[in-house]
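Try each task before reading its solution.

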Amino acid sequence: MIATAEARPLTRLQIVLVILALACGGFAIGTGEFAIMGLLPDVARTFVVITPQAGYVISAYALGVVVGAPLIAIAGAKSSRRTLLLILMAVFAVGNLASALAPDFVSFIVLRFLSGLPHGAYFGVSALVAASLVPLDMRARTVGYVMLGLTGATLIGTPLMALFGQYLSWRVMFLAVGLISVLTVTLIWIYLPRDKPSEGAGVVRELVAFTHPQVLLTLTLAATGFGGMFSIFSYVASTATEVAHMPAGMIPLIMVLFGIGMNVGNVVGSKLADINLMGTIGGMLVFNIVVMSLFSLTAASPWMLCFTSFLIGCTFAAGPAIQTRLMDVASDGQTLAAASMHSAFNIANALGAWLGGLAIAWGYGYAATGYVGAFLSFIGLFVFAASVLLERRDSRVRSLGALVPARQE
C-alpha cells in the first residue's frame with residue numbers, strides 16, 4: 001500500500017477512486033495530445049500559416065514531453081508524489097487554458113511546448129502511485145487501469161473534441177482539456193492521501209538509475225518497439241485513400257478501430273504482464289513483427305486494412321509491461337526512470353514517423369510503413385534479447401558469489 005502520512009492502508013473503494021482520479025489526468029493528456037492532429041487545418045487558417053507549418057505545434061509538444069520528463073523528475077525528487085502530481089496537472093491545466101487563448105502562432109507553439117513538459121512525469125509518477133496501492137502480482141494490471149485514461153482518450157476524447165473543434169473552434173478543445181485537468185487536480189486533492197518522500201530521496205539517487213544497464217536497455221526497447229505503431233499511423237489516412245482506395249469518410253472508422261485495439265491491448269496486456277512480465281514483452285514484439293508485416297502485405301484490401309488497424313492498436317499491450325519492467329530495474333531512481341518511459345515513447349513517435357516518411361519519399365509507397373514498423377520491432381526484440389541475456393548472466397554471478405563463502409567455510 002502507498003505510504004501515507006497516517007500510514008493507514010487504503011480501502012478497496014479508496015483505491016478505485018485514486019485510480020479514477022489518475023486516469024482522469026491521463027484522459028486529459030491523451031485528448032490534448034491527439035485531438036489537435038485532426039484540427040491542424042483549422043489552426044492553420046486561424047494563424048494564416050500552411051498546414052505543415054501548423055504541424056510544428058505537435059513537434060513542440062513532443063519536444064516538451066522528451067525534455068520535461070527527466071528534468072521534472074529530477075527537480076521533484078525530494079517532493080512527495082501527491083504534491084508532484086498536483087503541481088504537474090496544475091501546470092498542464094494552465095498550459096492548455098492559455099493555449100485556448102493564444103494570440104499568435106509563435107506564442108501558441110511556446111505554450112504547446114510548455115504544456116508537454118508535465119506529460120511524462122505525470123504518467124511516470126501515476127504509475128508508481130498505482131503500483132504502490134496493490135500487491136506485487138497486480139501491479140501491471142493497476143498501471144494498465146491508469147493508462148486506460150490515455151487509451152480511452154483515443155477512442156472517446158479525441159474524436160469528440162475533434163468534432164467540437166471542427167464545428168465550434170479548435171480553441172474549444174483546449175478549453176475542455178484545461179477544465180478536465182482542473183477536475184483532475186480536484187480529484188487528486190480529495191482522494192489521494194498525503195504521503196512523505198522516501199528516505200534518502202534526492203537528485204543523485206534518481207540519476208543513479210541511469211547507471212543501470214537494464215534501465216537503458218528498457219528505455220531503448222520502448223523507443224524502438226513503439227516506433228512501428230507511429231510509422232504506420234502517421235500515414236494511415238493516405239494509405240487508406242491511396243492504397244486501399246477507401247473514401248476519406250472511412251478514415252474516422254479506421255481511427256476508432258485503432259482506439260478499440262489500444263484499449264483491448266491495454267487491458268489484456270496488463271493482465272498477461274502480471275502472469276509473465278518478460279514473456280509478455282517478448283511475445284508482443286513478435287506479435288508486432290507479424291501484424292505490421294501483414295499490414296504491408298494486405299494494405300490494398302479495405303477489409304484487411306481495417307482489421308490490421310485494430311491489431312496494430314492492440315500492440316499497445318506492451319505499454320504497461322514495459323512501465324512495470326522499469327519499476328523492477330530502476331532500484332532507487334524509480335521516479336526518473338518511470339517518467340523517462342514517456343520520453344522514450346515520444347522518441348518512438350518521432351523516429352517512427354521519420355523513418356516511415358523516408359520509406360515513402362524513397363518511392364516504396366505508403367504500404368511500406370508496415371515493413372518499417374516490423375523492422376523497428378525487430379530491433380526492439382534484439383534489445384530485449386540482450387536484456388534477458390544480461391539478466392541471466394548477472395543472476396549466475398550472484399549465485400556463484402553466494403556459493404563461494406559457503407565452500408570456504
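**Exercise 1.** At what angle do helix α5 (residues 81–100) and helix α6 (residues 105–132) pack, and how far apart are their axes?

*Solution.* Start with the ground rules. This is a predicted model, where local features need pLDDT of at least 70, side-chain atom pairs count only at pLDDT 80 or more, and totals for chains, interfaces and linings use all residues. Residues are numbered from 1 along each chain as its sequence is written, and side-chain values use heavy atoms, without hydrogens and water.

Step 1. Helices α5 and α6 pack at about 155°, with axes 8 Å apart. Axes are lines fitted to C-alpha atoms over the stretch in contact, and angles run from 0 to 180 degrees between N-to-C directions.

Step 2. Classify the angle. α5 is therefore roughly antiparallel to α6 (over 145 degrees).

Step 3. List the contact (heavy atoms within 4.5 Å). Residues of α5 including Leu84, Leu88, Phe92 and Gly95 meet residues of α6, among them Phe108, Leu111, Ser115 and Tyr122.

Step 4. Sort the contact residues: 15 are nonpolar, five polar and two charged. Nonpolar means Ala, Val, Leu, Ile, Met, Phe, Trp, Tyr, Cys and Pro; charged means Asp, Glu, Lys and Arg; the others, Gly among them, are polar.

**Exercise 2.** Describe how α14 (residues 277–298) meets α16 (residues 318–329).

*Solution.* Step 1. Their axes come within 9 Å and cross at roughly 135°.

Step 1. Name the partners. α14 supplies Leu277, Met278, Thr280, Ile281 and Met284; α16 supplies Ala318, Ala321, Ile322, Thr324, Arg325 and Asp328.

Step 2. Sort them: seven nonpolar, two polar and two charged.

Conventions. Helices (H or I, at least four residues) and strands (E, at least two) are DSSP runs, numbered from the N terminus. Angles under 35 degrees count as roughly parallel, over 145 as roughly antiparallel, 65 to 115 as roughly perpendicular and the rest as oblique.
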